[in-house]
Amino acid sequence: MAKEKIYFQSMHELENNSILKEHAEKEFVNEVSTNEFLGNEENLEGNSTSRRDFLKFLGFSTAAATIAACETPVQHAIPYVVKPEEVIPGIANWYASAYFDGHEYASVLVKTREGRPINIKGNTDAPYGSGLSPRIQGSVLSLYDSKRLTAPMKDGAATDWNSAMADVKTKLDQFAGSNEKVVFMTSTLISPSSKVLIEEFKAKYSNFEHVTYDAVSHSAMLEANALSFGKRVMPTYRFDKADVIVSLAADFLQDWTELDHRKQFAKGRNADTGMMSRHYQFESNMSLTGSNADFRHPVKASQQGMIAVAIYNAIAKKAGQPTLTVNLDSKLNAQIEKAANDLWKAKGKSLVVAGSSNVALQLVVNGINELLSNYGSTISISTASHLKQGDDAAVNALIKDMKGGKVAAIMMHQVNPMYTLANSADFAAGLKKVKLSVSFSGKADETASECQYILPNNHFFESWNDAMPIDGFYSLAQPTIAPLFDTKQWQDVFLAWMGSEMDFYSYIKNNWKANVLGLASWSSALHDGFFSSAVEATEMTFNADLNKYAQELKKEASSAKGTELTFYTKSGIGIGTHANNPWLQELPDPISRTTWDNYLTMSVADAKANGFANPMQSNGGVNGNLAKLSLNGAEVIVPVLIQPGQKAGTVGLAFGYGRMNEGKAADNVGVNAFPFYQNFSNTQYNVSVELVDGEHEFAMTQVASTMMGRDKIVRESTLEEFIANPKVSNAPMTLATHKGIQPLSKVTLWENHERDVHFWNLSIDLTKCTGCSACVVACHAENNVPVVGKEEVRKSRDMHWLRIDRYYSSDTTKENATADAGYEGVGGAMDMFLEMEIPSETPEVVFQPVMCQHCNNAPCETVCPVAATSHSMEGLNHMAYNRCIGTRYCANNCPYKVRRFNWFQYSDNNKFDFNMNDDLGKMVLNPDVVVRSRGVMEKCTMCVHMLQRAKLDAKKEGRQLKDGDALTACAAACDTGAMVFGDALDKDSNLSKVKEGPRSYFLLEEVGTNPSVVYQTKVRNK
Amino acid sequence: MTNLKSLRLFFVSLLFTGLTLVLGTSELKAQDVANGADLYKANCASCHKLDKKMVGPALAGITERREQEWLLSWIRNSQDLIKAGDEQAVAIFEEYNSIPMSAFMHFKDEQILDILAYIENPPVVVKPGAEAGGVEEVVEAQGSSTSTLFIAILILLVSLYAVVKAKNALKSASDEEVVSLHVALKRWLKANPGVMIVLVVLVVIGGIKVTWAGVFDTVGMAQGYQPEQPIAFSHKIHAGENGIDCNYCHSSARHSKTSGIPSANVCMNCHTYINEGTQTGTTEINKIYEAVGFDPETRTYIEGYEKKPIKWIKIHNLPDLVYFNHSQHVNAGNQECQTCHGAIEEMDVVEQHSPLTMGWCIDCHRETEVDTDNPYYEHMNENWADKFNGEKITVEKIGGTECGKCHY
């Protein structure tokens, strides 16, 4: 048996909050809001409706409904006049493409129905980039964003392409001879053809300059590599090949540099074979990566440099190399020593990464990796990554030049400096002095609306493009729909300005044929979506004087004063590119479970010391005190959220919120963190956090539930324990009966189901699940799950069919605390309770995706008075919406709380003004799944429509179903392999093998529901 | 139909013979018009019309415009004539875009003359109105079955009334007590309360039944729905008389959930050549041309034409809450289209044949056997052999009536 642990879902549960306890007994936290119409007594008394009137209304409405029902509305069927050959109505077409928004890359497959892109998934054939983040998963909705520009704009008024392009061209020609610059400012560009195009443009206009600006800078890493290896590049990492990983606040499971890291990391975490990497994380905020670590140590950002130095010294000592002349005094010595020992043992198969924007720290980290001979095995400099090319110095120089009147024209693509620059006021001042400003933004965002011309770019679903995210891997993006509006892609505009007759498609094709493909076929590259070529390994020698940088780090550590602010990006919103996507706004943050907000994360100790609290309200919602955050003139009022695991003395704030004029979902949600992102440094020292009056209402999921003392929901063990006894912490449950102790399966009132067609099962591996939440968004897109908005989420009426529960745990129990503290008596008790607060300081985290468990003995089915929910021969729990009368008995009887009630009509309802309330947004709906109406219960169907289609395809082709033919949307979106779906009757299926394994267990198996969803225990390598 | 045609031809030829006999001027009197008609349809009609230009010129009056000798040699091999430099031949060749006419070397003089005879004596055009009348008649006949019953009951009641009246008149004549009909009925019912109860029960049950059938069974049901379509397309002509396979137009029925209303370009596969229908002449076919932008005069597509989609009226409307897949039934389930759609090949105007209610679906799923020969069922068959023991394996038995198979 593993150590006795305490688990808690929120600080309120840990503190045993009285309101929470009260709510735990109820199915719905909020009563039906009858108060809205019965609460107003004055109104009721003033109402003169008599009994007779009531009967009249009743009679009239019955008659009206009857008459209205007599007339069936005429429906039309309008076929194509000339049907495109490749379209069969009702059958989806998939196109291989590539996604890049200046920030993240993915090789994708786009699903189109009758010419409309409606879904997106990773291209698993591609050797790179098949893992999607929730943002990319949701990007399909941004195509149907009603705020997109429908025509080019000049000075805020719509114009036409011909005149706008001619105007700009005339001015560019005018500037051509002058010594003032014409600047093209873009985010990182990874399109090789676009780069060739820019070079050609540069050849034509000698005063043309290209500046690369990334909103979240990685310049420090690029500079460090330039100093270490003489090459300003980002290396590629292989987390799957590393046995020991030490991360200094690098959130590599999220969007640190490349999304593929998540997949690689999961690949190296195989509990069953014992081949499992060990992961240390030193960080101040509780990041997604930190929550997946085997050892997570909360440290201040200012101390990370010293930790790097300490690790360097420890390893250098073992390697017989000179150590750095810096002394370290830290309580973490033991942990650092342990990490360094592990790293040294895994020499050549280890990895140290850092998320800091401090060049010195990155250099020391490079030094550690060099000592460990990791270059060439887990890190490759010769296969460079091109996803981060931003140059902070160039951006600063540009702003200076703009203000100095040295820039005649600025053109911008995929950047929004007015929003993302800390010194956006300087940029605005500069922009006023520029003679011509052009934005290629698809929307009139903060920057574009300040520009003279907006030449709206196509959405990436409407564009041709190519990409080279890493050396040796090329991919192609093809349009999957004709431009919805009067937009053009910027490359076509450039080609027109250069006087070329060619479109960008031909341009890419020519470029690929000349420079990429060699003898390979263009058509097959386009079909596959990618093309790989070999990369020659080049020798690089590490060469840097680390002593100097170690001194710098020491200086930083000792001079850092006051509260430290560290920025992070959230799974849903990222840097705010997709802020107007309601799916992503409503996606709960994997750690804090908060939707529709960003906030200042604060440690328990700091909150207590400064009077911040998160009081729970009687309606189950959580409030937060407001803080005034200020730093060098930047100031904002922001709500505070107490975050277990946050290092005392530090606060965290997420980018991407506080957008203006971006759209109805994005505007006025949260606060903008970029004004604090000064000097492109992701840590700011000496920040003032001041308690101010007022409270903020958060909309959090999972807060209103407790575990009711059931600690077998999450089962975990350490790798060592697991290898010694695979059934550790997962012993089969037994029940005491009059016949003695019996296994659970023997004690049941239910008859067994015969299974002879299929038996669909889903296995979820808690060890591999990183909590990334891509599955939640995939479920939204596939199943037309409605967005309900912040108010409703606060009332615990979120509609997510699939939620990811997050459990904190700590092995600090009352007994441990007493023993550790060694105190006795009255004074001892005080100290013991002080120790007890530690659970919230260094909690371990488990993510547990929970959807309908498709119980084979389903409690919901027995209580439905109208048999709207019933069991299938294939092990699914079916839900017939049209039969449901909304008694909600099923939800009340569900032990997993996975049923969702449609309190309102969420489509065509102005009160829920999200994508289902406008014609454009509705185009994303999946035509194979019904949009549910008010008053019915809904829940995960295990994507029954996808299973039915897979079966039908097999029948039509006259073959047996193969393992992997049938998938659920969540399992398809899961790139870590945590979710395995299949037929349990097929003994050779992947699922069957996993299900038979020693780590399998059912959620709440003591209830005897016998679910079709099976979990695999969490194993930590510690 | 063929009888009618030959009859018509017979009369036409009779008329023709009569005319020629009277006038006695035509040289073609000995020719067989019926044979000419057959030859014309088989060999000439794809490019020529009598009254209109098509690929080639309109042929009416050709015997007056050209010499017979010239016609004979032109029809045998026009290219020879052109090469020989015949002025007329070259002129006509150029006028019609230099498209060479097929050579008919195998034709005998007799046969060509038969064709020319047919051209000179075209068939009498039957007005479409005449046949439409026939259809109406059928509708009336169908409607009469219920009214006959009503009339019968009415006659019965009237005669009953008359009998009672007569009886009362007789009674009053013989000074007996006169009892009016309703008083008599009342008395009789009082004497027989059992009958009264039965009657009341019958009325109540009948009322419920009528309400049930009238309200609940038919709400949202549209069996027999037969809307007028924007183009009077006849399945009877296309699928019935011409025997075009359903899948030719509804090609996605085998692949997809929808059967697919054919796009206008599918119509054009045939209607590029067939510009005139038997029932409606050119009016309906012209609507296709209107949609796709085809000029029947020049026989070309109009460039830059803004295509006009045809707004068909959907007849079979399933509610959104149910998922139905054509390919599941047609392809995997081997069902005929007619099972649900009725004898579509006999319908001039399509109507909804089946009720499309859930009960109707379920009934069929309970009856219909699964095609267990499909290799998909291979590993299941082993289990089923024991489980069902030779019983019929219906769709229901493998889960075909579960909610989530159609509702999601």
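The contact between the two chains takes 47 residues from chain B and 41 residues from chain A. Residues are in contact if their C-beta atoms, placed from the backbone, lie within 7 Å. The model is predicted: local features need pLDDT of at least 70, side-chain atom pairs count only at pLDDT 80 or more, and totals for chains, interfaces and linings use all residues. Residues are numbered from 1 along each chain as its sequence is written, and chains are lettered from A in the order in which they are written.

Several elements of chain B supply at least two residues each to the side that touches chain A, among them helix H13 (264–271) and strand S3 (312–313). Helices (H or I, at least four residues) and strands (E, at least two) are DSSP runs, numbered from the N terminus. H18(B) gives the largest share, six residues. By class, this side of chain B has 21 nonpolar, 18 polar and eight charged residues. Ala, Val, Leu, Ile, Met, Phe, Trp, Tyr, Cys and Pro count as nonpolar, Asp, Glu, Lys and Arg as charged, and the others, Gly among them, as polar.

Strand pairing also links the chains. Strand S2 (residues 76–77) of chain A and S3(B) run antiparallel, joined by two bridges. Ala77(A) has Trp312(B) as its bridge partner. Two strands pair if DSSP finds at least two bridges between them.

Within chain A, four strands form an open, mixed sheet in the order S41-S34-S43-S42. S34 (residues 760–765) and S43 (residues 1013–1016) run parallel, joined by four bridges. There, Ser763(A) has Val1014(A) as its bridge partner.
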